[in-house]
Amino acid sequence: MRRDTELIDKILGLKRERNAVILAHNYQLGEIQDIADFTGDSLELSQKAAKTEADVIVFCGVHFMAETASMLCPDKIVLLPDIHAGCPMADMITAERLRERKAELPDAGVVCYINSSAEVKAESDICCTSANAVKVTESLDASKILFVPDQYLGHYVSTMTDKEMILWPGYCPTHLRIHPQYIIDLKKDYPQAKVAVHPECRPEVIALADEVLSTGGICRYARREDVTQMIVGTEIGIIHRLRKENPGKKFIPASEQAVCPRMKLITLESILWSLQEMTPEVKVPEEIRLRAKAAVDRMLEVV
Ligand code: 13P
Ligand code: SF4
């Protein structure tokens, strides 16, 4: 505990010295959420990054999130405290394979989930997050949509739109650990509980949910008066924030196994080291940045 206090004091001191802001995703370790200037979902974090006046952004999340922040603020230094914190789903597609698929589907509009590299975004018409995927897909002037790389988010969107959806076969290994039977069993133990799940879950899990929401959406839903108990179908890091913001309410993870190992690579130690050494920095080559940013800017105009 004393060690943590010392670490935190050093981080906060250096943060002031460097004029840095700490942004954390809702899946980060509790101690990191607690020292962050802002904790949120992918959309909220990119909006915050776009508006910050800090010189340095310490991004506590995974690589594509830091990359998006750097694309939006090329003059700022964006640090990802552990460069190995990548998203396995984002690695399930490359720009080259996307170009090949686009050539087979010349009349399809391309919607890419923000969980993708800048190169993949650069090949897409518009970007989306879990908070706005339906709205973004609807906004495109195309009746056929190639949705990449998350087949489950894409499937969820397909149930909410009349557009023809072609899905890339990517997935989130963490959300696939949540099985429908877990929710069925928990509902027996907690019959009053609302079920809120992330749209990266498989369709059989989504079918059991009261609400299908981004992580930021789950946090807002939890604040409602009629929600006193919640079965939470997403990565378990969010439970820290839910309990902290809603004392007296009960939050039950749908699965204790739903842990994103890459998110957990960021630690207080790595944040301190990153601020001391001003590395690892995430930066996107200018030609890719401009094309990828166009897809993100289009999304930010829709929401
Ligand atoms: P959110 O944008 O809903 O926070 O989701 C990000 C993510 O990686 C979910 O696995
Ligand atoms: Fe990627 Fe899944 Fe981790 Fe989100 S939870 S960062 S989609 S691996």
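Mentor: We will take the ligand surroundings and then the rings.
Mentor: This is a predicted model, in which local features need pLDDT of at least 70, side-chain atom pairs count only at pLDDT 80 or more, and totals for chains, interfaces and linings use all residues. Residues are numbered from 1 along each chain as its sequence is written, chains are lettered from A and ligands numbered from 1 in the order in which they are written, and side-chain values use heavy atoms, with hydrogens and water left out.
Trainee: Which residues are around ligand 1?
Mentor: Among them are His25, Asp41, Asn115, His198 and Glu200; a residue counts if one of its heavy atoms lies within 4 Å.
Trainee: How does that shell divide?
Mentor: Into one nonpolar, eight polar and two charged residues. Ala, Val, Leu, Ile, Met, Phe, Trp, Tyr, Cys and Pro count as nonpolar, Asp, Glu, Lys and Arg as charged, and the others, Gly among them, as polar.
Trainee: What distance separates the side chain of His25 from an oxygen atom of ligand 1?
Mentor: An N or O atom of the His25 side chain is 2.6 Å from that oxygen. For His198 a polar side-chain atom lies 2.8 Å from a ligand 1 oxygen.
Trainee: And what is around ligand 2?
Mentor: The residues there include Val62, Cys87, Pro88, Met89 and Met263. By class, the ligand 2 shell has eight nonpolar, one polar and one charged residues.
Trainee: Changing topic, what lies over the face of Phe38?
Mentor: Lys48 does, at 4.8 Å from the ring centre; the criterion is NZ of Lys or CZ of Arg within 6 Å of the centre and within 35 degrees of the ring normal.

Notes: Polar contact = N/O pair within 3.5 Å; in protein donor to acceptor, adjacent residues only side chain to side chain.
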